[in-house]
Amino acid sequence: MLQAKGLGYRVEGRWLLRGVDLEVEPGTFLAVVGPNGSGKTTLLRLLSGEVRPTEGEVRLEGKALAAYRPEELARLRGVLSQTRSVAFPYTAYEVALLGRLPHLKGGREGPEDHRATEAALSRARALELRDRLYTSLSGGEAARVDLARLLAQEGCLYLLDEPTNHLDPRYALELLLLFRALAYGAVGVVAVLHDLNLAALFADQVLLLEEGRARAYGPPEVVLDPALLEEVYGVRFVALGEEGRAPFLFPVPGEVSLAL
């Protein structure tokens, strides 16, 4: 489905990401983890086609991203970003309906588009928000409407940048369970996560980035090794759990310097 080979991105002479390879097959949930500034969001922007790589290539369904027309690409992959740019007085329903734009026939929505939007709002637990102005919503409410927009798009690949931001534990868990279920249904999911335990719980594969390079890539029980994580994050971790399974990880206070 999605392949990246030798992926690199340079800005003003500085490499933000370099030499990254990955592959996401249908039914796979890939978690991207790493410290702040390690290149996670840059990687997602490259995988989505928002920016073009300085070196390497991204292919979706065997075709280079650069060869897709924007509307073609939008029918295949959906992106949930950290930033929200809707400043117009749209209702939550109208924002969710934006996910149907790649599917419109003759530039106008039809009954199937409204059915898909209603279903997406319901699945995102945002149906009761449908008549509210998007700009009046709390961060968590807006995140659920953004999720509905993404689901209405009905792509085969979902790219999520810190999707649990602004969500309380219940909705964060529900969101990841939803995408885990979608992956079981043969879509691909790539999610940037800060919570290593959520990555351990939901991901089939984990990519650990450090300073723009892949430090480790593989199953959670291999990548989320406390000794490796200590080297990358600079803090000691204690792991609890059974051997051969992804552990629960806890950072342990120690020799941590705080710049106040």
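**Salt bridges, strands and cores in a predicted model**

User: What makes the meeting of the Arg18 and Glu55 side chains a salt bridge?

Analyst: The side chains of Arg18 and Glu55 approach to 3.0 Å, N to O. A salt bridge requires a side-chain nitrogen of Lys or Arg within 4 Å of a carboxyl oxygen of Asp or Glu, so the pair qualifies. Arg18 lies in strand β2 and Glu55 in strand β4, so the pair ties together parts that are 37 residues apart in sequence. The model is predicted: local features need pLDDT of at least 70 and side-chain atom pairs count only at pLDDT 80 or more, whereas totals for chains, interfaces and linings use all residues. Residues are numbered from 1 along each chain as its sequence is written, and side-chain values use heavy atoms, with hydrogens and water left out.

User: Why is Arg18 called partly exposed?

Analyst: Buried means under 20% relative accessible area and exposed over 50%, with partly exposed in between (1.4 Å probe, protein chains only). Arg18 has a relative accessible area of 29%, hence the label partly exposed. Glu55, at 28% relative accessibility, also counts as partly exposed.

User: How do you know that Asp131 forms a salt bridge with Arg130, and which exposure class does Asp131 have?

Analyst: The closest N and O atoms of Asp131 and Arg130 are 3.8 Å apart, which meets the salt-bridge criterion. Asp131 counts as exposed at 64% relative accessibility, while Arg130 is partly exposed at 25%. Glu210 and Arg215 also form a salt bridge, at 2.8 Å from N to O; Glu210 is partly exposed at 23%, and Arg215 is partly exposed at 35%. The structure holds 18 salt bridges, and Lys63, Arg69, Glu71 and Glu72 are linked in a network of them.

User: What makes β1 and β4 a pair of strands?

Analyst: Strands are DSSP runs of E of at least two residues, numbered from the N terminus; helices are runs of H or I of at least four. Two strands pair if DSSP finds at least two bridges between them. Strand β1 (residues 2-11) and strand β4 (residues 55-60) have five bridges in the antiparallel sense, and therefore count as a pair.

User: Why are β2 and β5 said to stand at the edges?

Analyst: The open sheet has four strands in the order β2-β1-β4-β5, with antiparallel pairing. β2 (14-24) and β5 each have a single partner strand, so one side of each is left without a neighbour in the sheet. β1 and β2 are joined by seven bridges.

User: Why is Ala64 called buried?

Analyst: Ala64 has a relative accessible area of 15%, so the label buried applies. Ala64 belongs to strand β5 and touches Glu57, Val58 and Arg59, not counting residues up to four places away in sequence; here contact means heavy atoms within 4.5 Å.

User: What makes the 56 residues a nonpolar core?

Analyst: A nonpolar core is a set of buried Ala, Val, Leu, Ile, Met, Phe, Trp, Tyr and Cys residues joined through side-chain atoms within 4.5 Å. The largest nonpolar core has 56 residues, and those with the most contacts inside it include Phe29, Val145 and Leu208. Apart from it lies another core, of 28 residues, among them Val32, Val51, Val58 and Leu157.
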